[in-house]
Every structure is written in C-alpha cells, then in structure tokens.
Amino acid sequence: MSNAVAEAPADNPANESGIQSFLVTFIVRRFDPEVDAEPRWVDYDVELYATDRVLDALHKIKWEVDGSLSFRRSCAHGICGSDAMRINGRNRLACKTLIKDLDISKPIYVEAIKGLPLEKDLIVDMEPFFASYREIQPFLIANSTPEKDKERVQSIADRAIYDDTTKCILCAACTSSCPVFWTDGQYFGPAAIVNAHRFIFDSRDDAADVRLDILNDKEGVWRCRTTFNCTEACPRGIEVTKAIAEVKQAVLRGGR
Ligand code: SF4
Ligand code: FES
C-alpha cells in the first residue's frame, strides 16, 4: 500500500511546531434508525498528523463537525476491543490504525463491522456475538479442589499450548470478517471457538469434553471453511484459523 504522507497537500503546511499536517477525506457510513431508511455515506475532510489514528479522526469529526456521529471506544490503546470497524474494507481497530499506514491520497472508507445488527452509525448490536461466547462456557471448570493455600500447578509447556488464545480481547473483528457468519447468523464464529480453545487446552480444566460436544454441532467448528479472513483480521495477531483447526482435531480425537 502506498504511503501518501510524504506528499502533503500544499494547503496544509507545517504548523508552528514544524509538524506537517494533512487534509484527509473520510467517507463514513452513517445510519440513524430514527431518520434513515437505509445507511448513507457522508464525507468529512479532517486535518490530521501522520501519528494520528483513525480513532483520532473520528474524535475530530464528532467533537468539531458533527456530534451525532456514534461509535464505541474506551481504552484507545488496543486493549478493550470496543472499536473494531471496517476501514477501507478490512476489519481493524480504529485506535490501532495509523493514518501514516493508509493511502491518504484517496478517501478512507469507514463503516460498521458486518454480520451483526446495525444500531447506529459504527455501532452494532454485539449481543449475538456475546451469546455465542457465553455458550462455550468461557471460564475455568475444575472438579478437584487445590490443596489449602496452594495454586493449581501447571507446567510452562502446558501453559504454552493455549498461550495464543489467551490474547483475545473480544473485539469481534474475526467473527464479523467471516463469510460463513455473514450468511449464517447461527454459526458460533471464530471468536467463540478461540475462547473455547483457551479452556479446552488448559490442563487445569475438566470440561474440555463439554465444550467439544457443544462445538461438534452443525453450527460449530465444522462450519469453518478455512478462509483465513479471521486470522488476517485479528488485531492481536492470534492464529485464529489454526486454533479452530486444533479444536476440530480435538473433536475428532474425542478430547484434548
Ligand atoms: S480472536 Fe482476535 S479478532 Fe477475534 S475477537 Fe479475539 S482479538 Fe478480536
Ligand atoms: S478503544 Fe479499546 S481497543 Fe480500541
């Protein structure tokens, strides 16, 4: 992808501190259910610095141009997972997408993630996503009681088996990039399977069989078509497709 930051528009010279700013066009897919029958695309020209992120641009639009623009964000640092959105057709976190990494010689398109009910502007109803997450029982289920004042011991090697899937921040970028999820709202989706993986392969947990049974369903792991969209979308770098494949193999083995 080309980087147009070096070619600043002539009307945006360096400011007093010598830092170059750029006029960037954003085209945001807006939807107000009280007014609009259908979503509509709206243009905004925003002055930004190369170090700004798409989230900064959305803040500028909201705070300086149109306060009705609606989107979710909390931490602004890639931890809370609340600002996943489609930026130039790819699922990303707005707070982790730097302007300098986008081609600002063209407009930047921003819209809500797909496959979940659109509520307003960039906000979707996350309840179907979290319903699938809850269904796979995303918590440690251990039948034994540890010795008094002792921890449940786990080897470094056993901990490493599921290290990757502990990184999930439940942003839904993976699930909402999955073509199976778009066409079949019943599919558990990659994020639920990633979080099932995190406990299925935890040696301290005693409910792997329960979770594998839940996912050995027509809307479970077998709906995955290995398109890798989920892995490409994950802002945490989790190997989502690999985790799904490992859960498939565990189902076939009848246990972890
Ligand atoms: S696996 Fe990655 S993309 Fe999917 S919900 Fe977790 S952090 Fe987000
Ligand atoms: S605002 Fe928290 S991850 Fe982006």
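## Helices α5 and α6

In this predicted model, helix α5 and helix α6, the latter formed by residues 208–215, pack at an angle of about 155 degrees, and their axes are 9 Å apart. Angles over 145 degrees count as roughly antiparallel, and α5 and α6 are therefore described as roughly antiparallel to each other. The crossing in which α5 passes α6 is left-handed.

Which residues of α5 meet α6? On the α5 side they are Ile193, Ala196, Phe199 and Ile200, and on the α6 side they meet Ala208, Arg211, Leu212 and Leu215. Sorted by class, this contact contains 7 nonpolar residues, no polar residues and 1 charged residue.

## Helices α5 and α8

Helix α8 covers residues 240–253, and its axis comes within 9 Å of the axis of α5, with a crossing angle of roughly 60 degrees. Because of this angle, α5 is oblique to α8. Helix α5 passes α8 in a crossing that is left-handed.

From α5, the residues that make this contact are Pro190, Ile193, Val194, Ala196, His197 and Ile200. From α8, the contact is made by Val240, Ala243, Ile244, Glu246, Val247 and Ala250. By class, the contact of α5 with α8 comprises 10 nonpolar residues, 1 polar residue and 1 charged residue.

## Helices α2 and α5

Helix α2 consists of residues 127–135. How is α2 placed relative to α5? The two axes come within 9 Å and cross at roughly 25 degrees. Angles under 35 degrees count as roughly parallel, and α2 and α5 are therefore roughly parallel to each other. The crossing of α2 past α5 is right-handed.

In this pair, Phe129, Ser132, Tyr133 and Glu135 of α2 meet Ala191, Ala192 and Asn195 of α5. The residues of the contact comprise 4 nonpolar, 2 polar and 1 charged.

How many residues surround ligand 1? There are 16 of them, and the closest are Cys168, Cys171, Cys174, Ala191 and Cys234.

At the level of the whole chain, the model is divided into domain 1, residues 4–123, and domain 2, residues 126–253. The C-alpha centres of domain 1 and domain 2 are 31 Å apart. To the contact between them, domain 1 contributes 13 residues and domain 2 contributes 14 residues.

Which element gives the most to the side of domain 1 that touches domain 2? It is strand β4, made of residues 90–93, which supplies 3 residues. This side of domain 1 divides into 6 nonpolar, 4 polar and 3 charged residues.

How values were computed. Residues numbered from 1 in each chain as written. Chains lettered and ligands numbered in written order. Predicted model: local features only at pLDDT ≥ 70, side-chain atom pairs only at ≥ 80, totals over all residues. Near = placed C-beta within 6 Å. Domains from an automatic or database assignment. Contact = placed C-beta atoms within 7 Å. Helix = DSSP H or I, 4+ residues; strand = E, 2+ residues; numbered from the N terminus. Nonpolar A, V, L, I, M, F, W, Y, C, P; charged D, E, K, R; others polar. Axes fitted to C-alpha atoms, helices over the stretch in contact; angles between N-to-C directions. Parallel < 35°, antiparallel > 145°, perpendicular 65-115°, else oblique. Left-handed = near helix turned anticlockwise from the far one by under 90°.
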